[in-house]
Amino acid sequence: VGYAPEGNAMAARAAAAAVEPPTSPSSSPSSSSPSSSSPSSPDEAAAAVAYAAVSEEAVARLCDDGFVVLDDVLPADVLAACLDAANALKRSRKTVNVGQEGRDDSIAVLAGDDLPNLEGTALAGLSPCARTLLAVPAVLRRRHAEMTAAADVRDEDGQPIGTGRPSSDESPSPGSSASSSSSSGRAEETMRRLATATAPDRLMLANYPGDGARYVAHLDNDPEDPRHSEGEPGLRARDRAVTAILYLNPDWEESHGGCLRVRLEGTGAPTVDVAPSAGRMVLFDCRRIVHEVLPSHSSRWAMTAWIND
């Protein structure tokens with residue numbers, strides 16, 4: 001999927017609509033919408049960015065395909081500051097290789113409640129990117145409410161109308177295959193989990209040093225993983241619903257490798273390679289999408305939040 005952001009029409013349309021976001025019966029603008037005035041805090045600014053990027057169309061693709069790619073989520077100066085801070089963290093030897101077979105990255109764990117303490121330090125640039133990722137779960141819950149409300153609006157004959165996803169009690173169209181039925185079921189399950197999307201307490205900052213470092217194919221929530229239930233509730237692999245990744249790498253080229261390879265669902269389905277270009281955010285269902293990091297031949301940075309359900 002490209003080697004540099006080329007603009008995201010979905011995000012642009014959502015940004016224009018974010019000036020006055022729609023309301024829904026289950027959610028009032030005063031409590032859950034991005035403010036139409038200038039954000040008064042870093043968290044409000046992050047919420048506005050996340051709401052603009054994660055549009056209803058993006059959520060529909062996340063549900064239907066299991067993943068979605070969003071470009072130009074943050075401006076170049078914010079991403080450059082984050083990259084500078086990430087490199088400072090690495091120079092201070094705060095990133096470590098966890099010694100897990102099949103993965104070559106070095107990581108640092110960021111605590112969400114520690115972000116205010118970064119202000120005024122060499123690591124302050126990490127904060128806007130981290131706050132944006134932590135704002136995504138609230139946006140997913142709101143989009144779920146908006147789309148569910150729209151799908152539940154019916155005409156006088158009881159037929160669904162509106163722009164939201166169709167309700168699950170609709171009958172399948174004649175001639176629909178078992179495969180399409182299965183796909184629809186997976187989409188509905190992903191949508192259902194978005195209703196309880198919860199921000200994690202921690203994020204991960206990962207660096208692949210550029211010497212062919214990679215991460216073999218895996219699921220982020222894999223019941224067959226021996227470590228599936230290890231850790232505290234909310235931090236276990238079994239709690240993960242959606243992976244949100246933000247890339248920090250400017251001027252990424254094809255020769256650098258390091259793509260996120262996404263395996264589409266279904267027997268014999270193709271793969272999609274997503275370049276880790278700066279400002280690109282990828283969301284995918286932790287239970288559905290097998291993915292890997294291809295060998296990287298240039299230093300590659302990514303910040304990840306595992307959203308719980």
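Visitor: Why is Asp201 called exposed?

Guide: Its relative accessible area is 55%, and exposed means over 50%, buried under 20%, and partly exposed in between (1.4 Å probe, protein chains only). So with 55%, Asp201 counts as exposed. Before we go on: this is a predicted model, where local features need pLDDT of at least 70 and side-chain atom pairs count only at pLDDT 80 or more, while totals for chains, interfaces and linings use all residues. Residues are numbered from 1 along each chain as its sequence is written, and side-chain values use heavy atoms, with hydrogens and water left out.

Visitor: Where does Asp201 lie?

Guide: In the loop between helix 7 (178–194) and strand 3 (202–208). Helices (H or I, at least four residues) and strands (E, at least two) are DSSP runs, numbered from the N terminus. The protein has seven helices and 10 strands.

Visitor: And which residues form the negative surface patch?

Guide: Asp113, Asp114, Asp201 and Glu232. Patch members have over 30% relative accessible area and no salt bridge, with like charges joined within 9 Å. Asp and Glu count as negative, Lys and Arg as positive, and His and the chain ends are not counted. The place of a charge is NZ of Lys, CZ of Arg, CG of Asp or CD of Glu.

Visitor: What makes Arg193 and Glu189 a salt bridge?

Guide: Their closest N and O atoms are 3.1 Å apart. The rule asks for a side-chain nitrogen of Lys or Arg within 4 Å of a carboxyl oxygen of Asp or Glu, so Arg193 and Glu189 qualify. They sit four residues apart in helix 7, which means about one helical turn between them. Arg193 has 7% relative accessibility and therefore counts as buried, whereas Glu189, at 30%, is partly exposed.

Visitor: How many salt bridges does the structure hold?

Guide: There are 17. One of them joins Asp71 to Arg280, with the closest N and O atoms 2.6 Å apart. That pair links distant parts of the chain, 209 residues apart: Asp71 is in the loop between strand 1 (67–70) and helix 5 (76–91), and Arg280 in the loop between strand 7 (271–274) and strand 8 (281–285). Both Asp71 and Arg280 are buried.

Visitor: What about Arg214 and Glu292: buried, exposed or partly exposed?

Guide: Arg214 is partly exposed because its relative accessible area is 29%, while Glu292 has 6% and so is buried. Arg214 and Glu292 form a salt bridge too, with the closest N and O atoms 2.7 Å apart. They link strand 4 (residues 213–218) with strand 9 (residues 290–296), 78 residues apart.

Visitor: What makes the phi of Arg93 worth a look?

Guide: Most residues other than glycine have a negative phi. Arg93 isn't a glycine, yet its phi is positive, near 60°. Arg93 lies in the loop between helix 5 and strand 2 (106–111), and is exposed because its relative accessible area is 74%. Asp72, not a glycine either, has a positive phi of about 55°. Asp72 is in the loop between strand 1 and helix 5 and counts as partly exposed because of its 40% relative accessibility.

Visitor: How much of the protein counts as buried?

Guide: 46% of its 309 residues.

Methods:
Patches are made of residues with over 30% relative accessible area and no salt bridge: like charges are joined within 9 Å, nonpolar side chains (Val, Leu, Ile, Met, Phe, Trp, Tyr) within 5 Å. Accessible areas come from the Shrake-Rupley method with a 1.4 Å probe; for residues, only the protein chains shown count as cover.
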